[in-house]
Amino acid sequence: MTESITISDALMECLGAAMNAPETPRVIMLSGPQGIGKSTALKTLEQAYPDRLVTLSLDDFYLTHRERKLLANEAHALCSMRGPPGTHDLEMLNATIDRILNSQEKRDIAVPVFSKQQDDRLQTPRTLKLSAGPKTILLEGWLLGALADLAASRDSPINDLEANEDADGIWRDWQEHHLAGGYAALWARADLFCHLTTSSFDNVSAWRVQQEATTLGCQPEDLPPERQRWVERFVKHYERITRRMIDGGREKGVSVAVSKDRQVYSSHGPD
């Protein structure tokens, strides 16, 4: 690729061919670190295939705040933080995928909505309006296709969160077993993976700060110090698996490499 293009352009090029193939994929999974620009790119794809493409976000299928608090008491204190493997309602997600794929008629279905500001699932779901005929589901989420590493709990801590709050590796082991179990079974449902990736985890940290500032309606440099510290701690929950995916520890698929300013500098695949 000789000139820089947007993530939306790259996805249209990569996924457009799949959508127009004789055997259209039923389930496409789009991964990418936090803040890389998945949500913005999805809007372009939805507009391109309004009657055929149904988009879902893994984030909307987080366990409720109460359910994660119970996990924190039963498994490990760090399980209360949304996002890592083990904090999603995979049963609900799989059931939702089944309802969409099995629907051939025009109908409405309820899809959960998770509020990150409230850190909880909203009581009122959103209504997803399905058109008639077969559908392709595009599921997006930061860890889609991540491969498990059952030896991770024996590795040296990767940051101070692991060193100070998971020195014995219990939380890491808990995540990896979930990743090797229910999440791997979910990955097996994908007909195609598309991975947005980048060269450095430092880019991910910067994007997450930008994302938080946008949520609060301010510039990144104006983010309150206490919120800055919260973001720094937050991304450490994701660091190990994000680095793994950047290094290639992911299911095979289309790869789109993105620079710090969110411009695509290479794309290829499926690998």
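Is R262 buried or partly exposed? R262 counts as partly exposed, because its relative accessibility is 26%, and buried would require a value under 20%. The model in which this residue sits is a predicted one.

## Two residues with positive phi

R262 is found in the loop between β9 (254–258) and β10 (264–268). Its phi is positive, at about 65 degrees, although R262 is not a glycine. Most residues other than glycine have a negative phi.

D119 is another non-glycine residue with a positive phi, here about 55 degrees. The loop that holds D119 runs between β4 (114–115) and β5 (120–121). D119 has a relative accessibility of 18%, so it counts as buried.

## The nonpolar cores

The largest nonpolar core of the model contains 34 residues. Within this core, M29, L56, L93 and W187 have the most contacts. Several helices and strands each supply at least two of its residues: the strands are β1 (27–31), β2 (53–57), β3 (107–111), β6 (126–130) and β7 (136–140), and the helices are α4 (90–101), α6 (170–187) and α9 (239–246). The element that gives the most to this core is α4, with 5 residues.

Another core lies apart from the largest one. This other core has 32 residues, including A18, L45, V209 and V264.

W187 can be looked at in more detail. If neighbours within four places in sequence are set aside, W187 is in contact with M29, L143, L144, G145, A146, L179, F193 and E251. M29, one of these partners, is also listed among the residues with the most contacts inside the largest core.

## Where α6 meets α9

How do the axes of α6 and α9 cross? They come within 11 Å of each other and cross at roughly 50 degrees. The two helices are therefore oblique to one another.

On the α6 side, the residues that meet the other helix are R172, Q175, E176 and L179. On the α9 side, they are R240, I241 and R244. By type, the residues of this contact divide into 4 charged, 2 nonpolar and 1 polar.

R244 belongs to helix α9 and E176 to helix α6, and the two are 68 residues apart, so the pair links distant parts of the chain. R244 is buried, with a relative accessible area of 14%. E176 also counts as buried, at 2% relative accessibility.

## Salt bridges of R240

How many salt bridges does the structure hold? There are 16. Two of them involve R240, whose partners are D155 and E162.

In the pair of R240 and D155, the closest N and O atoms are 3.6 Å apart. R240 is in helix α9, while D155 is in the loop between β7 and α5 (160–165), and the two residues are 85 residues apart. R240 is buried, with a relative accessible area of 12%. D155 is partly exposed, with a relative accessible area of 34%.

In the pair of R240 and E162, the closest N and O atoms are 2.7 Å apart. Because R240 lies in helix α9 and E162 in helix α5, this pair ties together parts that are 78 residues apart in sequence. Both R240 and E162 are buried. Through shared partners, salt bridges join D155, E162, D166, R172 and R240 into one network.

## The loop residue D191

D191 is in the loop between α6 and β8 (192–197). With a relative accessible area of 48%, D191 is partly exposed. Not counting residues up to four places away in sequence, D191 touches P25, R26 and V27.

How far apart in space are D191 and L216? From C-alpha to C-alpha the distance is 37 Å, and in sequence the two are separated by 25 residues.

Conventions:
Residues are numbered from 1 along each chain as its sequence is written. This is a predicted model: local features need pLDDT of at least 70, side-chain atom pairs count only at pLDDT 80 or more; totals for chains, interfaces and linings use all residues. Side-chain values use heavy atoms; hydrogens and water are left out. A nonpolar core is a set of buried Ala, Val, Leu, Ile, Met, Phe, Trp, Tyr and Cys residues joined through side-chain atoms within 4.5 Å. Buried means under 20% relative accessible area, exposed over 50%, partly exposed in between (1.4 Å probe, protein chains only). Helices (H or I, at least four residues) and strands (E, at least two) are DSSP runs, numbered from the N terminus. Contact means heavy atoms within 4.5 Å. Axes are lines fitted to C-alpha atoms, for helices over the stretch in contact, and angles run from 0 to 180 degrees between N-to-C directions. Angles under 35 degrees count as roughly parallel, over 145 as roughly antiparallel, 65 to 115 as roughly perpendicular and the rest as oblique. Ala, Val, Leu, Ile, Met, Phe, Trp, Tyr, Cys and Pro count as nonpolar, Asp, Glu, Lys and Arg as charged, and the others, Gly among them, as polar. A salt bridge is a side-chain nitrogen of Lys or Arg within 4 Å of a carboxyl oxygen of Asp or Glu.
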